[in-house]
Amino acid sequence: MSAIILEGTKIAAEIRAEAALAARSLSARGVRPGLAVVLAGDNPASEIYVRGKVKSCQEVGIYSEKHTPGAGVSTQELLALVAGLNARDEIDGILVQLPLPPQIDSKRVLLAVDPAKDVDGFHPLNVGFLSTERPGLVPCTPAGIMELLVRSGIALAGREAVVIGRSFIVGKPMAMLLLNANATVSVCHSKTRDLAEVSRRADILVAAIGRAGMVRREFVRPGATVVDVGMNRVSDEEEFRRLFAGDDRREDSFRTKGSILVGDVHPEVAEVAGAMTPVPGGVGPLTIAMLMANTVKAAGMRRGSGVAELSRV
Ligand code: NAP
């Protein structure tokens, strides 16, 4: 058996097209959705992600601006920057790209973002809205995975879902979304005993670990849907050989580029799973598409009925 590949790229294009339509209808009412991205320091991976986000804004019809304080920025300076963005009416979404430089109190900075502009959905108020099933802004990566599952016709209600990873960015909100969709959810982490055995219970397995190729064949129940969130750059030759010995296609790519981007799920899982997402081209594009959708949603909520919902707590 070979798994059906769930193309995130295609569904992400659909979501972007829908966001563009909504942005146009807001623009017709004199509201151009606006996103401010804060990119502090000089993390090369973050620079690539932010470039993709800004490009996507142009395609969807969202105004965007980028703020790039240097690596030596202080928490106070970032708080002042965020306060300024909170106060500007034409900015509907504020994205603080993580990780922030090590001297920064990241939690304080994220807490300072106006919850109505919190397009990453990390503010405790939005976390609370998600867990109480009220309208709010939902973290982009797990929201994108839900879109992928639903639009691909993967049934969730009454099914076993296992999420590996409990970060506030992916694992926890993913578990909450699956629970809200009536799946029976287990959340695993680095202290979980018998990880492979727990994972094998899953009809839907989501891997958000940050360990290249960790999820092997024995983690997966035959026919399960496997979502690979991991984005790991492997540049060590020995690690590459351990993971992909005999894989000529990846070998060529590794030789040419000196490194390769791999997920948390080993490619051998395709022989057991019923459906799985690729890396790249799976969850990554969905994350950016949901950022566009969240920015348009925030613009609408700040000016429509959602405002009352957000300010009630
Ligand atoms: P994170 O904050 O480092 O969390 C990783 C989680 O995995 C933690 O809960 C950790 O457990 C768990 N874990 C680590 N080693 C484990 C092991 N050996 N066995 C079981 N659990 C283990 O990472 P994250 O931000 O959630 O991201 C996870 C991965 O997704 C990364 O590769 C990241 O690059 C990728 N990502 C991709 C996108 C995208 O758009 N495609 C978006 C976000 C993240 P503990 O809590 O016990 O430490």
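Visitor: Why does Thr 141 count as buried?
Guide: Thr 141 has a relative accessibility of 11%, and buried means under 20% relative accessible area, exposed over 50% and partly exposed in between, computed with a 1.4 Å probe and protein chains only; Thr 141 therefore counts as buried. This is a predicted model, in which local features need pLDDT of at least 70 and side-chain atom pairs count only at pLDDT 80 or more, while totals for chains, interfaces and linings use all residues. Residues are numbered from 1 along each chain as its sequence is written, and side-chain values use heavy atoms, with hydrogens and water left out.

Visitor: What makes the pair of Thr 141 and Thr 287 a polar contact?
Guide: Their side chains lie 3.0 Å apart, and a polar contact is a pair of N or O atoms within 3.5 Å, where within protein one atom must be able to donate a hydrogen and the other to accept it, and residues adjacent in sequence count only if both atoms are side-chain atoms. Thr 141 itself lies in helix 6, residues 140-151, where helices (H or I, at least four residues) and strands (E, at least two) are DSSP runs numbered from the N terminus. Leaving aside neighbours within four places in sequence, Thr 141 is in contact (heavy atoms within 4.5 Å) with Val 170, Val 229, Val 283 and Thr 287.

Visitor: How do you know that Arg 151 and Glu 14 form a salt bridge?
Guide: The closest N and O atoms of Arg 151 and Glu 14 are 3.2 Å apart, and a salt bridge is a side-chain nitrogen of Lys or Arg within 4 Å of a carboxyl oxygen of Asp or Glu, so the pair qualifies. Arg 151, at 31% relative accessible area, is partly exposed, and so is Glu 14, at 39%. The structure holds 20 salt bridges.

Visitor: Why is Glu 251 called buried, and what does Arg 241 form with Glu 251?
Guide: Glu 251 has a relative accessible area of 19%, which places this residue among the buried ones, whereas Arg 241, at 32%, is partly exposed. Arg 241 forms a salt bridge with Glu 251, with the closest N and O atoms 3.1 Å apart. Since Arg 241 lies in helix 9 and Glu 251 in helix 10 (residues 248-257), the pair ties together parts that are 10 residues apart in sequence. Elsewhere, salt bridges that share partners join Glu 14, Glu 18, Glu 147 and Arg 151 into one network.

Visitor: How far is Asp 264 from the nearest side chain of opposite charge, and what else does its side chain reach?
Guide: Asp 264 is buried yet has no salt bridge, and the nearest side chain of opposite charge, Arg 211, is 7.5 Å away; in this count Lys and Arg are positive and Asp and Glu negative, with His and the chain ends not counted. The side chain of Asp 264 does reach the backbone nitrogen of Ile 209 at 2.7 Å, and a polar contact of 2.9 Å joins it to the side chain of Asn 232. Asp 264 is placed in the loop between strand 10 (260-262) and strand 11 (275-276).

Visitor: What makes Ile 48, Tyr 49 and Met 231 a nonpolar patch?
Guide: Patches are made of residues with over 30% relative accessible area and no salt bridge, with like charges joined within 9 Å and nonpolar side chains (Val, Leu, Ile, Met, Phe, Trp, Tyr) within 5 Å. Met 231, for one, has a relative accessible area of 41% and is partly exposed; its place is the loop between strand 8 (225-228) and strand 9 (232-234). Together the three residues of the patch have about 290 Å² of accessible area, by the Shrake-Rupley method with a 1.4 Å probe, where for residues only the protein chains shown count as cover.

Visitor: What is the phi of Glu 133, and why is Glu 133 called exposed?
Guide: Phi of Glu 133 is near 55 degrees, a positive value in a residue other than glycine. Most residues other than glycine have a negative phi. Glu 133 lies in the loop between helix 5 (124-131) and helix 6, and this residue counts as exposed because its relative accessibility is 58%. Asp 194 likewise has a positive phi, of about 50 degrees, although it is not a glycine, and at 53% relative accessible area Asp 194 is exposed.
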